[in-house]
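These are my notes from a first pass through a structure I had not opened before. I wrote down each thing as I looked it up.

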Amino acid sequence: MIQKGLIMKAISGFYYVETADGLLECKAKGVFRKKGITPLVGDMAEVEDNTVVNILPRKNELLRPPAANLDQALMVVSAQSPDPNLMVLDKLIAVCEYKDIEPVLVVTKTDLCNGEWLCELYRSAGFTVVSTSVDVDNVEEIRGLLKDKLTLFIGNTGVGKSTLLNRLFPELNLATAEISEKLGRGRHTTRHVELYPLPEGGFVADTPGFSTVELSQYDRILKGDLQHCFREFQDYLGDCKFLDCSHRVEKGCAVLEAIHEGKINVSRHESYCALYEDAMKIKEWEK
Ligand SMILES: Nc1nc2c(ncn2[C@@H]2O[C@H](COP(=O)(O)OP(=O)(O)OP(=O)(O)O)[C@@H](O)[C@H]2O)c(=O)[nH]1
Ligand SMILES: [Zn+2]
């Protein structure tokens with residue numbers, strides 16, 4: 001009998017699929033390899049005799065970390081220690097926009113530095129931003145944002161991602177430790193993605209030991225698409241003098257005009273220009 005289920009974890013060629021009968025350990029049918037398809041965490045799978053026989057159509061997919069059907073990405077950024085790297089953050093946000101994954105920002109360590117400028121910068125660009133620290137945790141608000149969604153947690157080492165996850169879901173940390181023990185490896189030596197079901201509904205995808213830089217390397221955006229990955233540009237795109245405006249140096253550019261009027265933040269535009277330069281290096285055959 002064919003059953004449907006969500007792939008919770010993929011490790012060493014095994015897929016752990018949550019079905020009505022509980023978590024099944026499955027292999028993938030050989031035809032996937034022939035077709036060059038890899039089942040991903042987050043996929044809805046059809047399973048028969050502990051074999052994944054079909055994958056339902058995906059809403060989106062990421063290569064690094066490997067995951068599918070993500071609703072949002074929770075970007076954890078510290079206000080200080082380490083200082084935020086806006087270029088990296090904007091790169092990640094652009095990739096999410098490209099893949100239709102909603103970026104949500106959590107600014108941590110606001111006890112060290114209030115980080116108000118950072119919150120304001122991204123709020124004014126149109127993102128949901130929540131701050132958190134040892135003093136004001138905003139746990140309820142953040143949990144509310146995660147309800148019924150499949151959320152990927154992204155954060156560079158040291159920003160306080162683990163601290164935040166533990167504070168949000170004390171019970172989730174326990175589960176992580178147990179699973180790692182069964183597999184006989186430490187949490188930080190594995191590089192797989194895993195979905196954790198949330199008490200209120202929804203899932204968190206965590207990637208132990210994952211650094212954000214990898215994501216940007218693998219999911220590049222073509223230069224013509226880049227303008228659509230900066231949400232605060234959208235209102236102005238049709239108003240440039242030149243149809244093929246790159247919004248960097250052109251006369252009569254409505255985006256540049258908006259920056260001049262203080263409606264678009266300069267640092268976001270700087271990130272756009274850097275990504276544009278990167279995109280120009282993508283060779284025709286790499287597309
Ligand atoms: N002052 C302050 N320190 C914090 C806060 N949150 C976390 N820290 C500290 O920041 C350091 C890093 O926190 P972690 O939660 O381990 O960071 P991480 O992002 O999970 O880092 P990795 O485990 O390396 O990926 C620890 O020393 C924490 O105690 C905070 O809100 N305020
Ligand atoms: Zn323009």
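This is a predicted model: local features need pLDDT of at least 70, side-chain atom pairs count only at pLDDT 80 or more; totals for chains, interfaces and linings use all residues.

I listed its donors: Cys-240 (SG), Cys-245 (SG), His-247 (ND1) and Cys-253 (SG), at 2.1 to 2.4 Å. Along the chain these donors follow the spacing C-x4-C-x1-H-x5-C. The ideal angle for four tetrahedral donors is 109.5 degrees.

Cys-240 has 11%, so I noted it as buried. His-247 has 1%, so it is buried too.

Next I turned to the largest nonpolar core, which has 62 residues. Val-52, Met-75, Leu-89, Tyr-122, Phe-230 and Val-255 touch the most other members. Helix H2 (residues 86-98) gives the largest share of this core, seven residues. Another core lies apart from it, with 18 residues, including Val-104 and Tyr-196.

I checked the contacts of Tyr-122, leaving out residues up to four places away in sequence. Among them are Leu-86, Leu-89, Asp-90 and Ile-93, as well as Arg-268.

Last, I went through H2 itself. Its buried residues include Leu-86, Leu-89, Asp-90, Ile-93 and Glu-97. At its start, a side-chain oxygen of Asn-85 comes to within 3.1 Å of the backbone nitrogen of Met-87. The 13 residues of H2 should span 18 Å at 1.5 Å a residue, and the end C-alpha atoms are 18 Å apart, so the two agree. After H2 comes Asp-100, with a positive phi near 60°.

Terms used: Residues are numbered from 1 along each chain as its sequence is written. Chains are lettered from A and ligands numbered from 1 in the order in which they are written. Side-chain values use heavy atoms; hydrogens and water are left out. Donors are N, O and S atoms within 2.8 Å of the metal (3.2 Å for Na, K and Ca); water is not among the atoms, so sites may look incomplete. Buried means under 20% relative accessible area, exposed over 50%, partly exposed in between (1.4 Å probe, protein chains only). A nonpolar core is a set of buried Ala, Val, Leu, Ile, Met, Phe, Trp, Tyr and Cys residues joined through side-chain atoms within 4.5 Å. Helices (H or I, at least four residues) and strands (E, at least two) are DSSP runs, numbered from the N terminus. Contact means heavy atoms within 4.5 Å. The expected span of a helix is 1.5 Å times one less than its number of residues. A polar contact is a pair of N or O atoms within 3.5 Å; within protein, one must be able to donate a hydrogen and the other to accept it, and residues adjacent in sequence count only if both atoms are side-chain atoms.
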